[in-house]
Amino acid sequence: MTRAGILRTALVAVAAGAPAHVRRADHRPGPPAHYALGRPAATEEIRAMDVTVMPDGIGLPAGSGTAVQGAAIFRQRCARCHGPTGVEGPFDRLVGREPRQGFPFGRDASLVRTIGNYWPYATTVYDYINRAMPYDAPGSLKPNEVYALAAFLLWRNEIIADTATIDARTLPRVRMPARDRFVVDNRRGGPEIR
Amino acid sequence: MSDQPRRPRDAADLTRRRLVAGTAAAIGLAMLDRGVLGQAAAPPVHSRPLGRSATAVGVRAPNERIQRVVGGALHEISMTPLQDLHGIVTPSDLHYERHHAGVAAIDPHQYTLLIHGMVDRPTVFDLAALKRFPAVSRFHFLECSGNGESAYRNMRRDQSPQLVDGLTSTSEWTGVSVATLLREVGVQPRATWFLAEGGDAGLMARSIPVEKARDDAMIAYAQNGEALRPEQGYPARLLLPGWEGNTNVKWIRRLEFADRPFMTRDETSKYTDPLPNGTARMFSFVMDAKSIITFPAFPATLTDRGWWDVTGLAWSGRGRITRVDVSTNGGQTWSPAVLQQPVLPKCHTRFSFPWKWDGREAVLMSRATDETGYVQPTLAQLRAARGTGTRYHFNNIRAWHVGGDGSVTFRVDG
């Protein structure tokens, strides 16, 4: 018998001789693996809530759009905050490829981060517009409209042609200029300042 | 009917009657005391007007007009008045705010949290179900990762601790451990990340590594003993101790487990850190050790020479603060401050440094060290590591200039 086994046997023997209430305390169960709280989520319910779009295109709905279609929607729904061409503001500037060389954002606080010069994944354009835009009526755009706006913004940023159709198949294949600039956090605590 | 003797309707009525009787007796005694036939005597020195009644909900003393400062073009931030607070807990109504689509109004009876994706049992929890799990309560700071930018660039002499670093606050948070929920839904071994999505208008979403969920993540439904404030995510939020505020998703409505991150806007376009070498750091979750002196600090003035308590807050997203050093000569020499108890991991820690002001100019600084041995860097050190264009994680040493007249201003020359 192992030492732990001997100890266990001894404890059981002691507990057996103890009053009932002490024995119960000795054998109080730990937390259960499951509390069986909550209720199963129905597939339809998940589908209704799950708006996620991933970089490989999982989650993109049926539908499509082009830059020409997107230009009209942008004028109506977006230009008031982002400017007539996505450059002027007053809120986030969406369009611009400067600087053309390098990725000097860490050295120059005056550079404006746009979809064209900073965003690493084209799918994020769809995901974010679909979630959160327009600011005063998020969730009000239909898939075709979101695709069209994504096409318009990618075209304005000189990443796709004005004739390109953006849909669930083509959007994940759009390669963004800043795609390879991102690295994982290497801070680990300790004396080094990173 | 009418011959029934009138009875006190309740205990309060009875109490009122006794008070009236008692007061009449007291007046009688007072008349006797001053001598009914003599002149009125001056009231005794301990005389005080009767205080007001108890109230259902208390309010601050009229002279205590502490408040947040609201900012941002869309009024999307408010800052905690650090210079007006004591100890480590931030009153819930003064906790800083940062939201991306306004303060959501969620009906607690309609609220649900959906957990799905790479889990064995996709499950919906309502608020009552969440509260049936064993509760955990912990004190933790929250900090917007953009907090302190005005200590890094565009510095101003006339900024208070609230305007420098008011996007951090500490609360006692109560909720259910996310690790408990992971067991409940049976998260699959392949799952390495989950999406945390809020129920605000913009469905704010961040990807979080599953290790954090297994470590100390919490779905919090209470703050400082009561339900969360609406602006803190009522009725429930994700709490990731020590991690940048944005990842602590408020009005949490959905956790989706996957084998890779989702690359949302707020972890690509925003909340990434371009570095001087032409790369940009992603998923820079942890808030490094930091401290700020909250007194003396602008707009306070030292009214006299002599002893003053230099005090402030220190915190680290990696664990406990182990020491805070204070310099009164702009960093030439440092002396350890006293850390007030409690000193808790990933929580504001109050420090105190008794200082005898001799009436001459001085530059006050604080420097925090955490349990990993990380020492809060100087502005020059941080700029060398991060460059001048960085937007988040401004944890460099802050300095206050004390003038010969006792005025205190933020030091803008690094």
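Lys290 of chain B stands opposite Trp315(B), which lies in strand S17(B). This pair belongs to a predicted model.

- Strand S17, residues 306-315 of chain B, is joined to S16(B) by five bridges, and the two run antiparallel.
- Both strands belong to an open sheet of four strands in chain B, ordered S16-S17-S21-S20 with antiparallel pairing.
- At the edges of this sheet are strand S16 (290-295) and strand S20 (338-339) of chain B, each of which pairs on one side only.

**Chain B as a whole**
- Chain B contains six helices and 24 strands.
- Of the 414 residues in chain B, 48% are buried.
- The C-alpha atoms of chain B occupy a box of roughly 95 × 70 × 40 Å along the principal axes.
- When contacts in chain B between residues at least 6 apart in sequence are considered, 71% join residues at least 24 apart.

**Where chain A meets chain B**
- The contact between the chains involves 48 residues of chain A and 57 residues of chain B.
- On the chain A side, two or more residues each come from strand S1 (39-40), helix H3 (43-49), helix H6 (123-132) and strand S4 (182-184) of chain A.
- H6(A) gives the largest share of that side, with five residues.
- By type, the chain A residues that touch chain B comprise 28 nonpolar, eight polar and 12 charged.

**Strand pairing across the two chains**
- Two bridges link S1(A) with strand S5 (residues 123-126) of chain B, and these strands run antiparallel.
- Within this pairing, Arg39(A) stands opposite Val124(B) in S5(B).

How values were computed: Residues are numbered from 1 along each chain as its sequence is written. Chains are lettered from A and ligands numbered from 1 in the order in which they are written. This is a predicted model: local features need pLDDT of at least 70, side-chain atom pairs count only at pLDDT 80 or more; totals for chains, interfaces and linings use all residues. A residue is buried if 20 or more other C-beta atoms lie within 10 Å of its own, exposed if 12 or fewer, and partly exposed in between; C-beta atoms are placed from the backbone. Two residues are in contact if their C-beta atoms, placed from the backbone, lie within 7 Å. Two strands pair if DSSP finds at least two bridges between them. Ala, Val, Leu, Ile, Met, Phe, Trp, Tyr, Cys and Pro count as nonpolar, Asp, Glu, Lys and Arg as charged, and the others, Gly among them, as polar.
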